[in-house]
Amino acid sequence: LNFLLTKKKFPFVAKEDQGKFVLEAEEGKEYEMKEAAEIVKKYILKGDLPPLPEDVAKSDDPAVKALIEARDKALLYDVKDRASARDVANILDKAVSKLAQK
């Protein structure tokens, strides 16, 4: 399981191992599902998301930038701030329109 798209640091990587979801810390510690859920919850509540691959995070491609913007807005924890499905569709529609003009 690979995470995509964010600018913030996340101290571990999610993966599936022998049918279990685990998070692997940079130091190599693995967190079991229950512990992982608590850790992920803590980071989500703070607004931290898993990191993007560096080439994606630094991309100048307008399509990639639109996907990052849509993802970041859709994954905000606070429902008052979080983009709706319609908002995400509008972000992507706007990006497609701009790309089509080029």
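## S59 and its loop

S59 is buried, with a relative accessible area of 19%; here buried means under 20% relative accessible area, exposed means over 50%, and partly exposed lies in between (1.4 Å probe, protein chains only). The residue sits in the loop between α2 and α3. Setting aside neighbours within four places in sequence, S59 is in contact with V64 and K65, where contact means heavy atoms within 4.5 Å.

A word on what you are looking at: this is a predicted model, in which local features need pLDDT of at least 70 and side-chain atom pairs count only at pLDDT 80 or more, while totals for chains, interfaces and linings use all residues. Residues are numbered from 1 along each chain as its sequence is written, and side-chain values use heavy atoms, with hydrogens and water left out.

## Overall layout

The secondary structure comes to 4 helices and 3 strands, and along the sequence the pattern reads β-β-β-α-α-α-α. Helices (H or I, at least four residues) and strands (E, at least two) are DSSP runs, numbered from the N terminus.

Of the 102 residues of the protein, 25% count as buried. Among contacts between residues at least 6 apart in sequence, 44% join residues at least 24 apart. The accessible surface comes to about 7,400 Å², and 55% of this belongs to carbon and sulfur atoms. These areas come from the Shrake-Rupley method with a 1.4 Å probe; for residues, only the protein chains shown count as cover.

## Helix α3

Helix α3 covers residues 62–74, and its 13 residues should span 18 Å at 1.5 Å a residue; the end C-alpha atoms are 18 Å apart, which agrees. The expected span is 1.5 Å times one less than the number of residues. At the N-terminal end, D61 caps the helix, with a side-chain oxygen 2.7 Å from the backbone nitrogen of A63.

Which residues of α3 are buried? They are A66, I68, A70, R71 and D72. These buried residues pack against α2 (54–57) and α4 (85–101).

## Salt bridges

The structure holds 4 salt bridges, each defined as a side-chain nitrogen of Lys or Arg within 4 Å of a carboxyl oxygen of Asp or Glu. One of them joins E69 and K73, with the closest N and O atoms 2.9 Å apart. Because E69 and K73 are 4 residues apart in helix α3, about one helical turn separates them. An α-helix has 3.6 residues a turn, so residues three or four places apart point the same way. E69 is partly exposed at a relative accessible area of 36%, and K73 is also partly exposed, at 36%.

R71 and D72 meet through their side chains in another salt bridge (3.2 Å, N to O). R71 is buried, with a relative accessible area of 11%. The side chains of D78 and K80 also form a salt bridge (4.0 Å, N to O). In that pair, D78 is partly exposed at 32% relative accessible area, whereas K80 counts as exposed at 71%.

## A nonpolar surface patch

I44, L45 and Y77 make a nonpolar surface patch of about 280 Å². Patches are made of residues with over 30% relative accessible area and no salt bridge: like charges are joined within 9 Å, and nonpolar side chains (Val, Leu, Ile, Met, Phe, Trp, Tyr) within 5 Å. I44 belongs to helix α1 (residues 33–46) and is partly exposed, with a relative accessible area of 32%.

Definitions and conventions
A polar contact is a pair of N or O atoms within 3.5 Å; within protein, one must be able to donate a hydrogen and the other to accept it, and residues adjacent in sequence count only if both atoms are side-chain atoms.
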